[in-house]
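Subject: Structure handover

Hello,

Here is the structure I said I would pass on.

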Amino acid sequence: MNTVRVISVEGYKAVRSRIWLASLLIGTMSPLLFALAYTLRRANLILNGNYTWAGFEQNSAFFFSVFLACAMVGGLAGLALTDESRFNTLKSVLTSGITRSEYLFGKLLFVALWVIAEVAVLVLTVFIVGAALGLNGGDMTTYWPALLTETVCLLALAPIFFMVAIRTNNFFAVAGMGVAFSFVTLLLNLFGTGRPYMGYFPGSTGTAYMLIYSNQWGKQYNDPLAWAITLAVYTVAAIIATWVAMQRRDVQ
Amino acid sequence: MASLLELKQLSKKYGAATVVDHLDLTVQPGQIYAFLGPNGAGKTTTIRMMLGLVHPTGGEVWFQGQPLGDHPERIHSQVGSMVETPGFYPMLSGAENLHVFQRLHGDNDPARIKAVLDLVDLSSAGKKPVGAYSLGMKQRLGIALAMLHRPQLLILDEPTNGLDPAGMSEVRNLLLRLKDEGFSIFISSHLLHEVEQVATNVGIINNGKLVKEGPLGAVLNSSEAQLELQSSQADRLSKFLASWLPQHVPGGTLRQDGNVIHIASFSGDTEALNRAAQQADIPIGGIVHRQASLEQLFFQLTGVGAQQ
């Protein structure tokens with residue numbers, strides 16, 4: 001119950017804060033960018049048969065995955081945890097009947113909900129902009145699994161960023177790590193597109209692109225169990241490390 | 001009746017340094033307990049341990065006859081606190097900040113927010129972002145936050161920090177009003193004169209150890225009295241006393257302030273002193289016995305006055 005209170009308070013602060021509202025708009029950036037590109041190259045794309053829903057959606061998701069998503073989750077996790085220290089509010093939060101575990105999991109769940117909302121904004125923007133562009137056709141079979149995978153990967157990354165945030169108590173360290181993950185993901189997508197176990201990749205959001213690139217959901221990933229276990233280990237290990245650090249911390 | 005708050009052998013070490021050393025302390029319902037000590041004595045660390053913000057390395061905190069153990073959050077529904085400078089979300093208004101913490105307490109009562117803002121005289125500024133508040137306004141908002149959920153016990157760490165004299169007086173009156181309303185208050189402060197006017201009980205901590213504790217009156221009565229002598233020949237009297245005192249009042253110390261000579265720790269015979277001065281042909285215009293103030297007692301016990 002108290003965890004729900006933490007989530008609701010985070011939501012309240014998010015609505016009142018321009019930074020948090022602005023972060024939700026990141027989901028719109030990618031489709032808007034490609035809307036511009038599709039408008040400028042419309043004739044050429046039609047000529048080559050690429051003026052399609054599938055192409056537009058895959059490009060938008062790819063750009064979001066590789067360039068924005070990791071950095072965004074790092075920034076969100078950093079804001080969620082380090083702001084309490086920056087504003088000196090942690091002691092007031094932890095003396096309001098909330099346990100440290102409730103505080104931590106409330107924040108984590110809030111970031112998870114925010115990530116899901118971000119992906120939803122991406123999808124919604126894609127459909128609105130795609131409809132406005134008058135797109136049609138294309139193979140959509142990999143789109144939804146790719147988005148699902150992307151979302152799961154981002155959710156798995158969140159505790160890792162939390163762990164760094166609680167250890168360093170430095171927003172820029174966490175946000176910087178997010179940018180670094182994005183960069184690594186970009187490199188992996190440039191040089192490692194044939195590799196099967198994307199869960200091992202630090203910036204695992206490259207998975208989305210892999211699915212799109214291969215266009216064969218379930219075939220390139222001939223061992224999805226290994227992939228899932230890897231992500232689960234990342235997540236659980238990070239959650240335990242974060243929880244232990246939070247419990248042992250002396251709040252000054 | 002069980003004590004409201006009890007610290008039993010509470011200790012905190014950081015590496016080799018002992019910040020709080022086997023502290024025993026008791027707060028009863030209805031008391032205004034002044035927790036005094038020089039900078040670095042361990043006051044804030046003690047308060048943080050009471051609230052579960054800092055983990056003790058030894059000892060226990062008990063609340064209403066129950067040990068808190070690993071569940072300090074059990075105390076939070078009945079304790080309101082302000083530890084050092086209070087922190088708030090600067091982008092939110094004062095009222096919104098209170099709303100955030102009220103929600104964390106599982107409450108949603110705008111009338112209560114208005115009431116506590118009224119109580120600390122922040123009603124007119126309640127809608128301004130806290131980022132635009134002065135330090136004094138933040139202190140008052142911190143006190144409002146501490147009272148928000150109608151706690152039984154208020155723990156206030158230096159609540160008059162950053163306040164001007166008028167603000168200090170307001171806080172003093174507020175504390176008395178809160179006591180009348182049934183709050184018990186545990187307050188740490190450097191402002192001994194302010195505290196002396198409101199406290200019912202006192203605990204003095206030095207180097208992590210409690211050196212004195214008890215009802216204010218009893219603590220002051222236990223302190224050493226001071227004698228003040230007024231003389232038109234204060235210099236002569238001072239020289240005379242410098243030789244007379246060690247023989248008749250061991251431990252008494254002299255200080256001259258113009259025409260007035262102060263003898264601290266005076267436990268001798270005032271009449272004998274007067275007769276001796278007259279025999280030495282030194283006139284004494286007045287003799288006043290003074291009970292040590294809280295400030296003087298604090299200096300005696302902590303040695304801070306000697307350093308300053």
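The notes below go from chain B as a whole to its parts, then to the cores and the interface.

Please keep in mind that this is a predicted model.

Chain B overall

Chain B contains 12 helices and 14 strands. Along the principal axes, its C-alpha atoms fill a box of roughly 80 × 45 × 40 Å. Of the 308 residues in chain B, 42% are buried. Among contacts in chain B with a separation of 6 or more, 68% are between residues 24 or more positions apart.

Helix 1 of chain B

This helix covers residues 43–51 and is mostly covered, with nine of its nine residues buried. The buried residues include B:Lys43 and B:Arg48, along with B:Thr44, B:Thr45 and B:Thr46. B:Ile47, B:Met49, B:Met50 and B:Leu51 are also buried. Just after the helix, B:Gly52 has a positive phi of about 80°.

Helix 6 of chain B

B:Val171 sits in helix 6, residues 165–180. Is B:Val171 buried or exposed? B:Val171 counts as buried because it has 24 C-beta neighbours inside 10 Å, and the cut-off for buried is 20 or more. Not counting residues up to four places away in sequence, B:Val171 touches B:Pro159, B:Thr160 and B:Leu163. For a distance check, B:Val171 and B:Gly94 are 77 residues apart in sequence, and their C-alpha atoms are 18 Å apart in space.

Strand 11 runs antiparallel to strand 13 (residues 260–264), and five bridges join the two. Here B:Leu227 stands opposite B:Ile263. Strand 11 is also joined by five bridges to strand 14 (residues 286–290), again antiparallel. On that side, B:Glu228 has B:Val288 as its bridge partner.

The loop between strand 11 (226–230) and helix 9 (234–248) holds B:Ser232. B:Ser232 counts as exposed because it has 11 C-beta neighbours inside 10 Å, where the cut-off for exposed is 12 or fewer. Leaving aside its neighbours within four places in sequence, B:Ser232 is in contact with B:Asn259, B:Pro283 and B:Gly285. B:Pro283 is 51 residues from B:Ser232 along the chain, yet their C-alpha atoms are separated by 7.0 Å.

Nonpolar cores

In soluble globular proteins, nonpolar side chains tend to be buried together. In this model, the largest nonpolar core has 135 residues. Which residues touch the most other members of that core? They are A:Val73, A:Ala77, A:Ala158, A:Phe161, A:Phe162, B:Ala144 and B:Ile185. Leaving aside its neighbours within four places in sequence, A:Ala158 is in contact with A:Val73, A:Ala77, A:Leu108, A:Val111, A:Ala112 and A:Val115.

A second, separate core has 10 residues, including B:Leu227, B:Leu241, B:Phe266 and B:Leu273. B:Leu227 is the residue already mentioned as standing opposite B:Ile263.

Interface

In the interface, 21 residues of chain A are in contact with 25 residues of chain B. On the chain A side, the elements that give two or more residues are helix 1 (2–16) and helix 6 (90–93) of chain A. Helix 1 of chain A gives the most, with six residues. By type, the residues on the chain A side divide into seven nonpolar, nine polar and five charged.

Regards

How values were computed:
Residues numbered from 1 in each chain as written. Chains lettered and ligands numbered in written order. Predicted model: local features only at pLDDT ≥ 70, side-chain atom pairs only at ≥ 80, totals over all residues. Contact = placed C-beta atoms within 7 Å. Helix = DSSP H or I, 4+ residues; strand = E, 2+ residues; numbered from the N terminus. Nonpolar A, V, L, I, M, F, W, Y, C, P; charged D, E, K, R; others polar. Core = buried A, V, L, I, M, F, W, Y, C linked by C-beta atoms within 7 Å. Pairing = 2+ DSSP bridges.
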